[in-house]
Amino acid sequence: MSYSDQAAGNLLNHKLPDYRDEDWKYTHYSGFEHYKKLQTSGNPIAHPPLARRSTTPFHEDAWIAVVVNGILQANLSNLPNHSTGIRVAKLSEAISDDSGLEPGYSPGALALAKGHYYSQWAMAQGAEGLFIRVNSGIVAEKHLLIHTINDIQQPQQVLPTHHLIVLESNAALTLSETQEGSGEGMSLSLQEIHLSNQARLEHSQLQLWGNEFECIQQVLVAQQTESHYAHFAYCGGGAKVRNQLTVMQEGQLALTELTGLVLPGVGKHVDNQTLIHHQSPHTSSRQRYRSLVAREGTSVFNGKVYVNPGAQKTDAYQHHASLLMHETAVSNAKPELEIYADDVKCSHGATAGMLDAGEIHYMRSRGLSEVQARMMLQEAFVRDLLDSLPGESLRLWCHNHCSDRLNVLNQLSI
Amino acid sequence: MLLEIENLRASIEGKEILKGVNLSVPAGEVHAIMGPNGSGKSTLSSVIAGKDGYETSGSIRFDGQEISDWEPEIRAREGMFLAFQYPVELPGVGLSSFLRACVNERRKHIGQSELDASSFLALMREKAALVELSQDLIRRPVNQGFSGGEKKRNEIFQMAMLDPRMAILDETDSGLDIDALRIVAEGVNKLRNPQRSLLVITHYQRLLEYIVPDRVHVLIDGAIVMSGDRTLALALEEKGYDLVRAEQEVSS
């Protein structure tokens, strides 16, 4: 039975999540049944020729994969050739040709067991996407940028994608994604990532959704011994966004670093859920999320750390801080620690607050406008986080995008 | 007249603090305001600088312009400076980038070109030396981890950077030890010039030994009840507010 048939079977045992499910209590998509009908009633996803190509935020010489509505646009991309030991292909191609996939790395290997309702649904549709593999021992000499564009043809259209990313042992890759979509559509994105022994992946996702666009994303990562997964989430748009990041630390000495910068728009909603499952001894995780929430906006952070009985010497750290830009802004933060080993170090913390009126007055009395003063304090709030990003051009781009967005959000939030 | 205040009243949460203040400070002069605790000294400085939250009436004219309705940043860009009694810490905001933004806003406002990085740095070095502020402090976030004395010196350093026409020093001497008081006062004296006026608010006459005022005003219960030359400050220190006030009433 194919993975999509299995996923379709799984769906029969799942119900659509709603506010009664703990994981979905802050964010649910009651209209999804309606979206789904559009999909399954003879309106298959059309894949238009790409009329436009946004400029990439990175000046560096990078490999670029342009993906429109899940389909790799080879003619618009600049892909690594075979001699590099890195393969970037359509997922369907990788499944059909023989060079493809060891059983442990087949599509659905992670998501059939761990995927939520929407991930099962994406697989059941046979969602297209990318297959990326870095061969054993290869350290990618350039960044790989995935430029994702969701181009809807009708309102309430759902665009599912499914990427499968495999780093073999001792492989290393820096992967950055820009995700764009506008109009009243929804991106439903599933990514399965396998990191073999001592593999290293630096993964940045820059979400630049339009104001009416929705997104449900699940990234599932399985880490083997001494592998390193660093993830940076920049949530800079969208009407309602739900990101789920699930990391299974299967091998000893696996290290996971999750960083998030969350900037929901006025009246918009962004939900980040993380789960780090420490399954082996001597594994470490470090999570740092910051939210800056505009007028009537909502940020949700739910960080779960699960330590298996045998996972001694686990070292887990989690911190979420939010700065509310207006009295009507909302931040919901919930750490969940479930620890079944007795020799571990797990810490967590969360803060929420507004800027201090005395600080703003002091700055104004030296000649700065209220917006300038607020922005300077807000940028200070996120600076150390941005400074820790890999690569000068990514850092600079994020600094600039964040400043521009804060400027707009402040004008609307004062 | 650089600063002219007429019948200034201010109340906060229904409580009247200033009850008709009249005060004129000509360009180039140093005026001191003394008064007991709770007489409204800090409120007066806050209201002149444009702090939110007060209900005010009356008139504040700065170089002939009525500024009562101006936002605090516009007053600052026009050349009004308030050295805070309790300087505020700005977590994570670097002192030099903060000051560069402030200085350039003021320069833009008065039609001067913005300073580039190297001329700004040179200016900072020069002005930091005035109050013996170390380069290490300049690299830190504003007032974060500064001692009480360093915070006060930092206020005078910022004053020097912003080159104001009118500076109000709100109890700049409080919390300073003798050496720090001397350093701060010497810094202020170097900034005196015929165009710049100072309004020095203090409890004690000691600061006025260093920064010698042209006029001394006594603020009691929200109004200026006496004015005189510097000898008034000496008399106050010797005899206390009540006695000096009583003597004045008798003689008038």
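Helix α8 of chain A has its buried residues covered by, among others, strands β7 (172-181), β9 (200-207), β11 (228-235), β13 (255-262) and β15 (284-293) and helix α7 (370-387), with C-beta atoms placed from the backbone and lying within 7 Å counted as contact. This is a predicted model, in which local features need pLDDT of at least 70, side-chain atom pairs count only at pLDDT 80 or more, and totals for chains, interfaces and linings use all residues. Residues are numbered from 1 along each chain as its sequence is written, while chains are lettered from A and ligands numbered from 1 in the order in which they are written. Helices (H or I, at least four residues) and strands (E, at least two) are DSSP runs numbered from the N terminus.

Which residues of α8(A) are buried, that is, have 20 or more other C-beta atoms within 10 Å of their own? They are Leu394(A), Trp397(A), Cys398(A), Cys402(A), Leu406(A), Leu409(A), Asn410(A) and Ser413(A).

Let's move on to α7(A) and its neighbour. Residues Glu359(A), Ile360(A), Met363(A) and Arg364(A) of α6(A) meet Glu370(A), Ala373(A), Arg374(A), Met376(A) and Leu377(A) of α7(A).

Now for chain B. Here four strands make an open sheet, ordered β2-β1-β4-β5, with antiparallel pairing (strands pair if DSSP finds at least two bridges between them). At the edges are β2 (15-25) and β5 (65-66) of chain B, each pairing on one side only. Eight bridges connect β1 (residues 3-12) of chain B to the antiparallel β2(B), and Glu4(B) stands opposite Ser24(B) in β2(B).

Terms used: Buried ≥ 20, exposed ≤ 12 C-beta atoms within 10 Å, placed from the backbone. Contact = placed C-beta atoms within 7 Å.
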